[in-house]
Amino acid sequence: TEHRQLVQQLSVDAPSYQSREPVQPPSQMSEEVMNQRWQDLNDEINQKKEQLQDILRGRASLDPRGSYSWMSPTDTQGQLRDIRYNLDELNNLWQQLSSQVDDKQLRLDEALDYQQRYQEALQNISQWLDLAEQKIMASESDKDSQQQLRENEALQRDIRSLQSEISAMARNSQDLLASTNRDSQDLVNASLSNLNDRVQMLENQAQKQGEKLRQANRKWKEYQDEVKSLQRKLSDIRTSMMSQSPSAPLEDLVSHMQKMEAQLKTCESQLKDLRLRGEELSLVAPKMVNPTEIKALQTSYMELQQKVMDKKADLSQSVSVQDQYEKLLQDYAEFLETANEKLKTDTISVKDLQQLKQQLAAHKDFFSDLEVNRAMLDTLSQQCDKNTQQSHLSQHTRLNNLTYVILDKASLHGQRLERLVRQWQELLEKHDQLQAFLYDVDRQMPNPVTSEDSVMAIQDKISTYQRLQRELTEEK
């Protein structure tokens with residue numbers, strides 16, 4: 001990229017302070033050479049300022065792995081101490097030269113020596129700003145936001161301190177540099193101005209980065225608080241489920257389950273929000289977010305959700321059984337009342353045997369259902385929870401007792417109906433037999449005696465009448 005080419009060129013044209021050639025002795029340094037050095041230094045400082053401007057405007061990108069390979073990124077504090085030491089020496093030299101200026105004893109070689117030291121100080125500051133620029137622009141994904149924030153705040157303090165030193169250099173040197181030629185003075189002012197601009201841009205960028213880091217750190221803390229909050233909620237739900245007594249009333253168990261479902265719904269929404277926030281934070285600082293935290297929360301949530309669903313299914317079954325039991329209690333009570341009404345009267349009114357048989361069959365069907373319903377009622381009662389059983393115990397017991405009473409009455413009434421059917425059948429059979437006998441007697445009845453009958457015929461008729469009379473007497 002354009003920026004990388006600039007930096008590579010810079011690493012060739014502007015080697016570190018330690019790698020530069022030995023400075024010429026003051027006696028061999030002319031104003032022309034010094035002026036050219038000021039020109040080169042100003043070009044270098046201006047080039048770096050423009051390079052930084054391009055980066056901030058987005059026209060160049062920084063490659064932190066190769067752009068400053070000739071520097072040690074961890075040596076900013078040490079280099080800053082060296083710069084301050086050199087500036088102290090420069091200030092001492094300035095104090096000496098100031099007294100000579102007051103005495104009008106300034107010599108050209110001393111002025112050139114001071115300028116040369118001044119240039120070296122500016123070069124050292126420029127190199128330190130290279131390190132500061134690298135720290136500000138390069139991504140440090142291996143560090144968390146708190147560590148980056150601490151380093152950023154320390155770097156901002158160093159930049160402000162260095163800015164004060166540069167301002168002091170500018171104030172202390174104006175009178176001295178006034179004795180140099182006009183071109184050198186303009187170049188000095190331009191170098192200081194470009195350096196100040198670069199420092200200001202880096203300070204502004206460091207402040208922006210610091211604000212981003214503070215926001216990221218604040219979001220990370222909020223994220224951690226949410227993680228802990230969700231962990232507590234899941235733990236509370238788990239504890240609440242385990243502490244709920246299974247012998248509690250079914251209504252209380254259902255109400256408690258509904259609360260846990262609502263809490264789990266909140267946890268589901270919170271977990272989804274945490275995943276999104278974790279992904280956003282990972283883009284800023286991957287080290288900030290621990291993926292295992294979300295996975296552990298997801299696993300814990302799924303396990304708890306399954307337990308709640310299983311418990312809910314059990315409760316739904318219990319509620320269904322309770323509803324059936326309570327409905328059957330009501331229906332059975334009405335059934336027994338109807339049965340009791342049927343057994344109150346002793347009158348049996350029918351028009352024939354067939355109707356009597358139908359009444360007997362209906363009686364048996366009706367009261368056989370009573371026994372089936374009672375058995376079903378007992379079965380449902382055993383399937384209900386103890387609280388439901390206890391709450392309906394008196395009613396259930398009363399219906400059972402009433403069942404036995406009604407069954408006794410029903411049994412007697414059924415026996416009576418069966419006896420009537422049997423008697424009616426016997427009566428019909430006898431009636432049919434009598435009709436057949438009379439028909440046979442009538443058929444055997446001889447004709448009346450006439451004058452034409454012989455004595456033998458009359459005797460036979462008399463004998464027949466006598467036999468039929470005996471048979472009628474016997475049948476009667």
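**Helix packing and cores**

Biologist: Is the crossing of α6 and α8 left-handed or right-handed?

Modeller: The crossing of α6 and α8 is left-handed, meaning that the near helix is turned anticlockwise from the far one by less than a right angle; clockwise would be right-handed. Helices here are DSSP runs (H or I, at least four residues), numbered from the N terminus. This is a predicted model, where local features need pLDDT of at least 70 and side-chain atom pairs count only at pLDDT 80 or more, while totals for chains, interfaces and linings use all residues. Residues are numbered from 1 along each chain as its sequence is written, and side-chain values use heavy atoms, with hydrogens and water left out.

Biologist: At what angle do α6 and α8 pack?

Modeller: About 25°, with the axes of α6 and α8 (residues 291–342) 11 Å apart. Axes are lines fitted to C-alpha atoms over the stretch in contact, and angles run from 0 to 180 degrees between N-to-C directions. That makes α6 roughly parallel to α8, a label for angles under 35 degrees.

Biologist: Which residues make the contact?

Modeller: From α6, they include Y223, V227, L234 and R238. From α8, E293, L297, Y301 and K307 are among them. Contact means heavy atoms within 4.5 Å. By class there are eleven nonpolar, three polar and three charged residues; Asp, Glu, Lys and Arg count as charged, Ala, Val, Leu, Ile, Met, Phe, Trp, Tyr, Cys and Pro as nonpolar, and the others as polar.

Biologist: And α2 with α6, how do they cross?

Modeller: Their axes come within 9 Å and cross at roughly 25°, so α2 and α6 are roughly parallel to each other. The crossing of α2 and α6 is left-handed, and their contact has eleven nonpolar, nine polar and five charged residues.

Biologist: What about α9 and α11?

Modeller: α9 (residues 353–383) and α11 (residues 393–444) cross at roughly 160°, with axes within 9 Å. That makes α9 roughly antiparallel to α11, the label for angles over 145 degrees. The crossing of α9 and α11 is left-handed.

Biologist: Changing topic: which residues of the largest nonpolar core touch the most other members?

Modeller: W38, Y118, L122, L129 and I159, out of 29 residues. Such a core is a set of buried Ala, Val, Leu, Ile, Met, Phe, Trp, Tyr and Cys residues joined through side-chain atoms within 4.5 Å, buried being under 20% relative accessible area with a 1.4 Å probe, protein chains only.

Biologist: Which element gives the most to this core?

Modeller: α4, with ten residues.

Biologist: What is L122 in contact with?

Modeller: Leaving aside neighbours within four places in sequence, L122 is in contact with W38, L41, I45, M169, S191, L192 and L195. Apart from that core lies another, of 24 residues, including V227 and L271.

Conventions. Buried means under 20% relative accessible area, exposed over 50%, partly exposed in between (1.4 Å probe, protein chains only). Helices (H or I, at least four residues) and strands (E, at least two) are DSSP runs, numbered from the N terminus. Angles under 35 degrees count as roughly parallel, over 145 as roughly antiparallel, 65 to 115 as roughly perpendicular and the rest as oblique.
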